[in-house]
Amino acid sequence: MAGSVAPGLPLLPVLLVLAAADPPPAGEGSARGQAGGDGRVLPADVWQSPLYTVTPEGGSTNITCSVHVNGTLLGVHLRQGHLPKTRKVTYYDGASAPTVDERFQGRVVFSGPTDRLTITVQRLRPEDTGTYFCEAIMGEGKGWGAGTTVVVTDTLSPAANACPGTQLAHFTFPVALAMGCLLVVLGLAATCVLRRRQIRNMCSARDRSMTCVIYEDMSCSRRNTISIPHHNHVRPQPDLGPSGLREAA
């Protein structure tokens, strides 16, 4: 389905208006024109684009009416409402000055030839919401386009107009901040676990090294200790008298 939606605008109004829009009556579709007085279908093809558009208040929209006829194309009407009851918006024939309904005075611009006419409606208002039909006027009858559904929404805030991604940024920043905090906490937890393991390994290594040192100290002390002879191996000294001579036994 061809259409256009302004960035950041909801699709609910589009669905509501599309549901309320009536299709063109039989014999008045986008492919063929109305039947002539003798009952035959006139050779007229009318295409209209887009099928729908969503525009903020104050914006503009383009409606293109393409007409192919084998006879004479007298002019093109743009009408608003539901077929067969519609209100005229504009009439353009390429020869005389176009006529515009007072509701749209000063807000309509025409471009292109009559058989491929683009009608631009500017400074849209909420009451402009509705379905617009291209009507091709021929000497033998008329034909209708399929219709363009126009939805005019409330004016966007200046911040949203300046930056369409503002709402996304407001949502993304808290998520990024939360993720950053989570990563910091995980990093600190991992650091604490690694540090604890290092301390435990250092303590285990220290306990093993202290045991070895004590064993070595004990071994060295045994090797360096001066052995003292037992008293049973000491030879008795002779008993000397006052004169220093050995007394007779």
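I count a contact where heavy atoms lie within 4.5 Å. On that basis, residues 24 or more positions apart account for 58% of the contacts in the chain with a separation of 6 or more.

**Entry: ground rules**

I am working on a predicted model, where local features need pLDDT of at least 70 and side-chain atom pairs count only at pLDDT 80 or more, while totals for chains, interfaces and linings use all residues. Residues are numbered from 1 along each chain as its sequence is written, and side-chain values use heavy atoms, with hydrogens and water left out.

**Entry: overall counts**

I looked up the secondary structure and found three helices and twelve strands in the chain. Helices (H or I, at least four residues) and strands (E, at least two) are DSSP runs, numbered from the N terminus. I then took the burial figure: of the 249 residues in the chain, 29% are buried. Buried means under 20% relative accessible area, exposed over 50%, and partly exposed in between (1.4 Å probe, protein chains only). The accessible surface of the chain is about 16700 Å², and carbon and sulfur atoms hold 61% of that. Accessible areas come from the Shrake-Rupley method with a 1.4 Å probe; for residues, only the protein chains shown count as cover.

**Entry: strand β12**

I asked how much of β12 is covered. In this strand (residues 148-153), six of the six residues are buried. I checked each face: Thr148, Val150 and Val152 are buried on one side, and Thr149, Val151 and Thr153 are buried on the other.

Next I looked up the strand's partners, taking two strands as paired if DSSP finds at least two bridges between them. Strand β3 (residues 52-56) pairs with β12 in the parallel sense over five bridges, and Thr55 stands opposite Val152 in β12. Strands β10 and β12 run antiparallel and are joined by three bridges. Here Tyr132 stands opposite Thr148 in β12.

**Entry: aromatic pairs**

I searched the whole structure and got three aromatic pairs. Rings of Phe, Tyr and Trp (its six-membered ring) pair if their centres lie within 6.5 Å; planes under 30 degrees apart count as stacked, over 60 as edge-to-face and the rest as tilted.

One of the pairs is Phe104 with Tyr132, edge-to-face at 6.4 Å centre to centre, with 80° between the planes. This pair links distant parts of the chain, 28 residues apart: Phe104 is in the loop between β7 (99-100) and β8 (108-111), and Tyr132 is in strand β10 (residues 130-138). Both Phe104 and Tyr132 are buried.

I also noted Phe133 with Trp144, edge-to-face at 6.4 Å centre to centre and 85° between the planes. Phe133 lies in β10 and Trp144 in β11 (residues 142-144), so this pair ties together parts eleven residues apart in sequence. Phe133 counts as buried at 0% relative accessibility, and Trp144 counts as buried at 5%.

**Entry: Thr86**

Which residues does Thr86 touch beyond its neighbours within four places in sequence? I listed Arg79, Gln80, Gly81, Phe133 and Trp144. Thr86 lies in strand β6 (residues 85-92) and counts as buried at 19% relative accessibility. I also took the C-alpha separation of Thr86 and Thr131, which is 9.5 Å for residues 45 apart along the chain.

**Entry: salt bridges**

I found four salt bridges in the structure, each a side-chain nitrogen of Lys or Arg within 4 Å of a carboxyl oxygen of Asp or Glu.

Arg79 and Glu135 meet through their side chains at 2.6 Å, N to O. Arg79 lies in strand β5 (residues 73-82) and Glu135 in strand β10, so the pair ties together parts 56 residues apart in sequence. Arg79 is buried with a relative accessible area of 18%, and Glu135 is buried with 2%.

Glu135 also meets Lys142 in a salt bridge (3.4 Å, N to O). Lys142 counts as partly exposed at 29% relative accessibility. Salt bridges with shared partners join Arg79, Glu135 and Lys142 into one network.

I recorded Asp128 with Arg107 as well, the closest N and O atoms being 2.8 Å apart. Asp128 lies in the loop between β9 (116-121) and β10, and Arg107 in the loop between β7 and β8, so the pair ties together parts 21 residues apart in sequence. Both residues, Asp128 and Arg107, are buried.
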